[in-house]
Each structure stands twice: as structure tokens, then as C-alpha cells.
Amino acid sequence: MNKTNLVRVSASMPSKVLEDLDNLVRRRGFNNRSALLMEMIQKEVALQNQKHSNEVMAGTVTLFYDHAVNGLQHRLNGIKHKYVAEIISSTQIQLVDQHTLEVNLLQGPAQQLQLIADEMISNRGVKTGNFYLVNSALPPIYSKNSIRANVFDESKEG
């Protein structure tokens with residue numbers, strides 16, 4: 001962030017809350033209170049946007065599940081195919097005791113991503129799931145009108 005964009009603000013809080021804030025700054029490795037507060041505010045804004053807007057955002061759905069549950073992996077793969085435009089990437093790590101940790105990268109309208117996350121997390125056999133969005137979007141990965149397609153057309157001219 002450019003320093004010319006910074007605006008100084010002031011906040012009043014009980015001394016115990018300030019002490020907790022300073023401890024959190026140290027534990028999380030931030031350089032100062034401002035950096036931590038900015039990160040916390042951005043998370044809260046992203047959370048509100050995912051609930052109340054249809055802004056295009058990027059995010060993750062993290063799942064921890066028992067892959068031995070009958071049909072679970074088939075259902076999750078079906079969801080990934082159903083939302084192939086929104087689910088950009090998916091990776092799985094096989095853990096002990098028939099468990100899998102899976103992370104899915106998504107992009108699209110916030111409310112649509114919330115529905116996808118809910119559909120994935122609510123499956124029988126998913127032990128825990130977490131949905132996290134950021135107020136940002138990935139650059140387009142591919143389209144018929146992509147720059148790469150234009151490069152091929154330009155090479156024919158020379």
C-alpha cells in the first residue's frame with residue numbers, strides 16, 4: 001500500500017482490550033497494531049460481502065473428511081463438475097485413519113460461492129469445513145478471446 005493512501009484514525013478501548021491486541025500483534029508476527037487491525041478489518045469486510053453482495057471474489061473451501069464414507073468422494077467430485085467454472089483448483093492430501101484434507105480454490109459471485117461451500121461442507125462424512133473469501137479476484141485463466149489466442153493470429157501476419 002502506498003503511504004500517500006494512509007489515513008490516521010484513533011480508537012478508544014479499555015486497557016485490557018489494548019493489552020490483548022498487543023499480545024495478538026506479537027503472537028501473529030505483525031510489525032505493529034495498524035497492520036493487524038487492517039488485516040482484521042479486511043477479513044470482516046470480506047465476510048460481510050460474502051453474506052450481502054454478489055461481488056466477484058476469490059476464496060477457498062477447506063474440507064476434512066472420512067474418505068471411507070460410502071459415496072462421499074463421488075458426491076464431492078459431482079459438485080466439482082457441476083461448478084467447474086467456479087472451482088478453479090482442488091487438491092487433496094491423504095491423512096491417516098482414512099481421512100482426507102482437501103482445499104478447493106473458487107472464484108465467482110460471493111453468494112454463489114457460499115452456496116457451493118455449503119453444498120460441499122454439508123455432505124455426510126465431512127467432519128469439518130471452512131469457507132474463506134477475499135475481496136479480490138484472480139485474473140481470467142482462459143477464454144476464447146484470451147491474449148494467447150490473439151498471439152496466434154498476430155504470428156500469421158509476419
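Contact is taken here to mean heavy atoms within 4.5 Å, and among contacts in the chain between residues at least 6 apart in sequence, 66% join residues at least 24 apart. The structure is a predicted model, in which local features need pLDDT of at least 70 and side-chain atom pairs count only at pLDDT 80 or more, whereas totals for chains, interfaces and linings use all residues. Residues are numbered from 1 along each chain as its sequence is written, and side-chain values use heavy atoms, with hydrogens and water left out.

The pLDDT, which is the predictor's confidence in each residue on a scale from 0 to 100, averages 86 over the chain, and 84% of the residues score at least 70. Helices (DSSP runs of H or I, at least four residues) and strands (runs of E, at least two) are numbered from the N terminus; the chain has five helices and four strands, and from the N terminus on these elements follow the order α-α-β-α-β-β-α-β-α. Among the elements of the chain, the lowest mean pLDDT, 53, belongs to helix α5 (residues 147-157), and the highest, 97, to α3. Where pLDDT is low, the predicted coordinates should not be read in detail.

Accessible areas were computed by the Shrake-Rupley method with a 1.4 Å probe, and for residues only the protein chains shown count as cover. The chain exposes about 11,300 Å², of which carbon and sulfur atoms supply 55%. Residues are classed as buried under 20% relative accessible area, as exposed over 50%, and as partly exposed in between; by this criterion, buried residues make up 27% of the 158 residues in the chain.

In helix α3 (residues 72-82), the buried residues are Leu72, Leu76, Ile79 and Lys80. These residues cover an arc of only 100° around the axis, which puts them on the same side of α3, the arc being that of the directions from the helix axis to the C-beta atoms. The packing partners of the buried residues of α3 are β1 (56-66), β2 (87-94), β3 (99-109), α4 (110-121) and β4 (126-134). On the other side of α3, by contrast, His74, His81 and Lys82 are exposed.

Two further residues illustrate the surroundings of the strands. Gln107, placed in strand β3, counts as buried at 17% relative accessibility; when residues up to four places away in sequence are not counted, Gln107 touches Val56, Met57, Ala58, Ala85, Glu86, Ile88, Leu113, Ala137 and Leu138. His67 lies in the loop between β1 and α3 and is partly exposed, with a relative accessible area of 25%. Apart from neighbours within four places in sequence, His67 is in contact with Gln73, Gln94, Gln98, His99 and Thr100. The C-alpha atoms of His67 and Val126 are separated by 8.6 Å, although the two residues are 59 residues apart along the chain.

A salt bridge is defined as a side-chain nitrogen of Lys or Arg within 4 Å of a carboxyl oxygen of Asp or Glu, and the structure holds six of them. In one of these, Asp20 pairs with Lys16, the closest N and O atoms being 2.7 Å apart; being four residues apart in helix α1 (residues 15-28), Asp20 and Lys16 are separated by about one helical turn. Both are partly exposed, Asp20 with a relative accessible area of 35% and Lys16 with one of 48%.

Arg28 forms a salt bridge with Glu39, in which the closest N and O atoms are 3.3 Å apart. Arg28 lies in helix α1 and Glu39 in helix α2, so the pair ties together parts that are eleven residues apart in sequence. Arg28 counts as partly exposed at 39% relative accessibility, whereas Glu39 is buried, with a relative accessible area of 19%. The side chains of Glu119 and Lys82 also meet in a salt bridge (3.3 Å, N to O); Glu119 lies in helix α4 and Lys82 in helix α3, so this pair ties together parts that are 37 residues apart in sequence. Glu119 is partly exposed at 26% relative accessibility, and Lys82 is exposed, with a relative accessible area of 53%. Salt bridges that share partners join Arg28, Glu39 and Lys43 into one network.

How values were computed
Buried means under 20% relative accessible area, exposed over 50%, partly exposed in between (1.4 Å probe, protein chains only).
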